[in-house]
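Visitor: Please take me through one part of this model up close, slowly enough that I can follow along on my screen. Start with any term I'll need, then show me how that part sits in the rest of the chain.

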Amino acid sequence: LVDLIRECGFTVVDSRYANAPGWFGWLIGARLLGRTPTSSTVIELFDRAVVPVVRAIEHAVRPPFGQSIFLAARKPVDVFA
């Protein structure tokens, strides 16, 4: 993804994996058990209880994998525009 963004002329400001626990949840729930999250209560509980803790940990220590990828890029300045 980083290479593709750079090939398009952007400067990558930051790129990292996010939500490592979510990756395990997806692996077990979706891939191994063939289920999709349907309970809004479970999702809301995860968002309120787990996400803040994971966010704090991943802010201090970047995980080597995750359910998502965060990438921030900067568009080049067109000096002739």
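Guide: Contact, or touching, here means heavy atoms within 4.5 Å of each other. The model is a predicted one, where local features need pLDDT of at least 70 and side-chain atom pairs count only at pLDDT 80 or more, while totals for chains, interfaces and linings use all residues. Numbering runs from 1 along each chain as its sequence is written, and side-chain values use heavy atoms, with hydrogens and water left out.

Let's get oriented before zooming in. The chain has three helices and two strands, in the order α-β-α-α-β along the sequence. Helices (DSSP H or I, at least four residues) and strands (DSSP E, at least two) are numbered from the N terminus. The C-alpha atoms fill a box of roughly 55 × 25 × 25 Å along the principal axes. The chain's radius of gyration is 17 Å, whereas a compact globule of 81 residues would come in near 12 Å; that radius is taken over C-alpha atoms, and the globule rule is 2.2 Å times the number of residues to the power 0.38. Among contacts with a separation of 6 or more, 90% are between residues 24 or more positions apart.

Find Asn19, in the loop between strand 1 and helix 2 (20–32). Asn19 caps the N-terminal end of that helix, with a side-chain oxygen 2.9 Å from the backbone nitrogen of Gly22. The Asn19 side chain also makes a polar contact of 2.8 Å with the side chain of Gln67. A polar contact is a pair of N or O atoms within 3.5 Å; within protein, one must be able to donate a hydrogen and the other to accept it, and residues adjacent in sequence count only if both atoms are side-chain atoms. Leaving aside residues up to four places away in sequence, Asn19 touches Phe46, Val54, Glu58, Gly66 and Gln67. Asn19 has a relative accessibility of 19%, so it counts as buried. Its backbone deserves a look too: phi is positive, about 65°, although Asn19 is not a glycine. Most residues other than glycine have a negative phi.

Step along helix 2 itself. Its 13 residues should span 18 Å at 1.5 Å a residue, and the end C-alpha atoms are 17 Å apart, which agrees. The expected span is 1.5 Å times one less than the number of residues. There's a kink of about 25° centred on Trp26, where a bend is the angle between axes fitted to the seven residues ending at a residue and the seven starting there. Ala20, Gly22 and Gly29 are the buried residues of helix 2, and they pack against strand 1 and helix 3.

Toward the other end, Leu32 also belongs to helix 2. Leu32 has a relative accessible area of 63%, so it is exposed. Leu32 and Leu45 are 13 residues apart in sequence and 22 Å apart in space, C-alpha to C-alpha. Just after the helix, Gly34 takes a positive phi of about 65°.

In strand 1 (residues 11–18), pick out Asp14. Asp14 is buried because its relative accessible area is 16%. Its side chain joins that of Arg62 in a polar contact of 3.0 Å, and Asp14 touches Arg62, Phe70, Leu71 and Ala72, again not counting residues up to four places away. As for helix 3 (residues 40–60), its 21 residues should span 30 Å at 1.5 Å a residue, and the end C-alpha atoms are 29 Å apart, which agrees. Helix 3 bends by about 40° at Val50, and a proline, Pro52, follows within four residues.

Note on methods:
Buried < 20%, exposed > 50% of the residue type's maximum accessible area, 1.4 Å probe, protein only.
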